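Work through the exercises below with the sequence and the structure in view. Each task is followed by a solution in steps.

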Amino acid sequence: MKNFGDTLIRLRKEKGLSRIELIKKMEQFGIKTTENMLGKWERNYSIPNVQQFFALCEALDIDNINAAFHVAEKENPEQIIVKDLFRIFASFRAAGKGNI
């Protein structure tokens with residue numbers, strides 16, 4: 001994976017979003033964060049947890065983690081599709097089956 005923070009900044013700016021706008025979009029998916037937290041992710045002081053990461057991907061319209069974050073440099077037929085995972089997470093959460 002290339003530098004997470006630089007990739008996050010690039011993706012956010014490609015969407016024309018400020019930090020505050022991205023945070024508000026994440027809140028639409030039920031994930032609260034702060035500008036300070038997002039700044040730490042962008043500076044590589046910390047990384048988001050899995051729920052925050054899925055909300056980031058949804059807010060940034062990322063369908064393919066591998067392509068967006070350069071997880072795998074070669075095309076892989078078993079690539080993880082974020083929207084499918086987020087739907088699974090959301091249905092699990094809505095069913096009251098606890099936190100993932």
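**Exercise 1. Crossing of α1 and α3**

Find the angle at which the axes of α1 and α3 cross, and classify the pair.

Solution. The model is a predicted one. Step 1: the axes of α1 and α3 come within 7 Å and cross at roughly 120 degrees. Step 2: α1 is therefore oblique to α3. The cut-off matters here, because roughly perpendicular covers 65 to 115 degrees. Step 3: list the residues that meet. From α1 they are F4, G5, D6, L8, I9 and R12, and from α3 they are L38, W41 and E42.

**Exercise 2. Packing of α2 and α3**

Solution. Step 3: identify the contact. R19, I20, L22, I23 and M26 stand on the α2 side, and E35, L38, G39, W41 and E42 on the α3 side.

**Exercise 3. The buried faces**

Name the buried residues of α2 and of α3, and state how they are arranged around each axis.

Solution. Start with a general point. An α-helix has 3.6 residues a turn, so residues three or four places apart point the same way.

Step 1: in α2, the buried residues are L22, I23 and M26. Viewed down the axis of α2, they fall within an arc of 100 degrees, so they line one face of the helix. Their packing partners are α1, α3 and α4.

Step 2: in α3, the buried residues are L38, G39, W41 and E42. Their arc around the axis is only 160 degrees, which puts them on the same side of α3. They pack against α1, α2 and α4.

**Exercise 4. A buried glutamate**

Is E42 buried or exposed? Which side chain does it make a polar contact with?

Solution. E42 belongs to helix α3, which spans residues 35-42. Step 2: read its accessibility. The relative accessible area of E42 is 4%, so it is buried; the cut-off for buried is under 20%. Step 3: look for a polar partner. The side chain of E42 makes a polar contact with the side chain of R19, at 2.9 Å. Step 4: list the neighbours. Beyond four places in sequence, E42 touches G5, D6, L8, I9, R12 and R19.

**Exercise 5. The nonpolar core**

How many residues does the largest nonpolar core have, and which of them have the most contacts inside it?

Solution. Step 1: this core has 21 residues, and L22, M26, L56 and F69 have the most contacts inside it. Step 2: trace its sources. At least two residues come from each of α1 (4-14), α2 (19-27), α3, α4 (50-59) and α5 (65-69). Step 3: α4 gives the largest share, 6 residues. L56 is in contact with F4, L8, L22, M26, L38, W41 and P48, leaving aside neighbours within four places in sequence.

**Exercise 6. The whole chain**

How many helices and strands are there, and what percentage of the residues is buried?

Solution. Step 1: the protein has 6 helices and 0 strands. From the N terminus, the order is α-α-α-α-α-α. Step 2: of the 100 residues, 36% are buried. Step 3: consider contacts between residues at least 6 apart in sequence. Among these, 58% join residues at least 24 apart.

Conventions. Residues numbered from 1 in each chain as written. Predicted model: local features only at pLDDT ≥ 70, side-chain atom pairs only at ≥ 80, totals over all residues. Heavy atoms only, no water. Helix = DSSP H or I, 4+ residues; strand = E, 2+ residues; numbered from the N terminus. Buried < 20%, exposed > 50% of the residue type's maximum accessible area, 1.4 Å probe, protein only. Polar contact = N/O pair within 3.5 Å; in protein donor to acceptor, adjacent residues only side chain to side chain. Contact = heavy atoms within 4.5 Å. Core = buried A, V, L, I, M, F, W, Y, C linked by side-chain atoms within 4.5 Å. Arc of directions from axis to C-beta. Axes fitted to C-alpha atoms, helices over the stretch in contact; angles between N-to-C directions. Parallel < 35°, antiparallel > 145°, perpendicular 65-115°, else oblique.
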